[in-house]
Amino acid sequence: TRSELLKLIATASLENEGRLNLSGVRLAGLDLGGLDLGGCVLDRADLRNAIVRGTNFAGSSLKKANLTGIKSDRDTNFKGCSLSGAILKGLRFTGVDWSGQQLSGCDLSFANLEGTNLEDTKLRGAVLIETNLSRCDLSRADLWGATLTGANLKDALLNDVVAEEITAPDCDMDRISIERGRLRGACLKNARLRSADLAEVDMSGVDLSGADLSSLPGQDQKTYLGKAILRGANLTGVCLDGANMTLADLSSANLTGAKMQDVRLWGAVLEEATLTDADMRRCELGKSLGTEVTNFKRANLTGADLRAAKNAGADFEGATMTGCKREL
């Protein structure tokens, strides 16, 4: 009971730093609303379904604690907590400030974090399956190796994020901004990144097979991949219709069967890329601000469709163009 917890707090031992040690305590289902547990050590504590509205956990250690189903509100304070390895499945915690939190290895599956500030947050290896991260600010967050299968990242901000080796198939990233982000080796199969801002993002070796990077209907903002790095990426069957890929690096990328109608490829590098059966009708080839022309050197364009392409400068030296449809 709550009264028993208060007695426990009064008699609990202190750590060397003077922190109250409540490691492993069982608080499942209890009403902890309004309590001050700031600075406590609650590692491995059982807080399942506890009521923590207005509870202060600031500066506490909740490593590997189980917080599944807790009932929180905007006044619940987790600022400066260490939640490494904690279980937070189904958490409802929207529109709050979790910037700088240590959440590496956490399980936040099915949680609703819509509009939460997660700037500079550590989420390495975190599990975010079907988590709602729409409108979140994850700028400079560390998501290396995280699992985001089916997660909702609509309208989220991930500028300068570290998201290498993430697993995020079927993820919804419409209108996301990942400027200068690092997504090397990420799995984004069948993901939706329509009208996304991916300027200068490093997606070397990424798996975007079957993904949709077209522009949303009625949206002025087209998918932008200016100066993006997609070297060696798997883009088979991807939809890039209408995208701006000025100065993008797609060397050695696999774009077999890609939909690339009306794509702007000014100054883009597609050297040794595979574009077999790609639909590139009305794409724009040429220079951008005095750069080199669109580079298709040694690319495989077998069966590609380049009809009505606007060619203001392209280099096809050594390219394979068997069965290529073109009106250049």
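**Note on the predicted model**

1. T55 is buried, at a relative accessible area of 0%. Buried here means under 20% relative accessible area, exposed means over 50%, and partly exposed falls in between (1.4 Å probe, protein chains only). This is a predicted model: local features need pLDDT of at least 70, side-chain atom pairs count only at pLDDT 80 or more, and totals for chains, interfaces and linings use all residues. Numbering runs from 1 along each chain as its sequence is written, and side-chain values use heavy atoms, with hydrogens and water left out.

2. T55 sits in the loop between helix 1 (2-11) and strand 1 (284-285). Helices (H or I, at least four residues) and strands (E, at least two) are DSSP runs, numbered from the N terminus. A polar atom of the T55 side chain lies 2.6 Å from the backbone oxygen of L32. Beyond neighbours within four places in sequence, T55 is in contact (heavy atoms within 4.5 Å) with L32, G33, G34, L35, L37, D75, T76 and N77.

3. D142 also lies in the loop between helix 1 and strand 1. D142 counts as buried, at 11% relative accessibility. Leaving aside neighbours within four places, its contacts are T121, K122, L123, R124 and V162.

4. The largest nonpolar core has 104 residues. Such a core is a set of buried Ala, Val, Leu, Ile, Met, Phe, Trp, Tyr and Cys residues joined through side-chain atoms within 4.5 Å. L188, L255 and L275 have the most contacts inside it. Neighbours within four places aside, L255 is in contact with residues including L235, V238, L240, M260 and L275.

5. How many cavities of 30 Å³ or more are there? The count is one. On a 1 Å grid over the protein atoms alone, a cavity is a set of points where a 1.4 Å probe fits but cannot get out; lining residues have an atom within 4 Å of a point. Grid points are joined across faces, edges and corners, and the volume is the space filled by probe spheres set on them. The largest cavity holds about 50 Å³.

6. The lining of the largest cavity is L143, L148, L153, L158, A163, I166, M173, I178 and L183. These divide into nine nonpolar, no polar and no charged.

7. R326 is in strand 6 (residues 325-326). R326 is partly exposed, with a relative accessible area of 40%. R307 is 19 residues from R326 in sequence, yet their C-alpha atoms are 4.6 Å apart. Not counting residues up to four places away, R326 touches L306, R307, F316 and M321.

Key. A polar contact is a pair of N or O atoms within 3.5 Å; within protein, one must be able to donate a hydrogen and the other to accept it, and residues adjacent in sequence count only if both atoms are side-chain atoms. On a 1 Å grid over the protein atoms alone, a cavity is a set of points where a 1.4 Å probe fits but cannot get out, and a pocket is an open set with protein on both sides within 12 Å along at least five of seven lines; lining residues have an atom within 4 Å of a point. Ala, Val, Leu, Ile, Met, Phe, Trp, Tyr, Cys and Pro count as nonpolar, Asp, Glu, Lys and Arg as charged, and the others, Gly among them, as polar.
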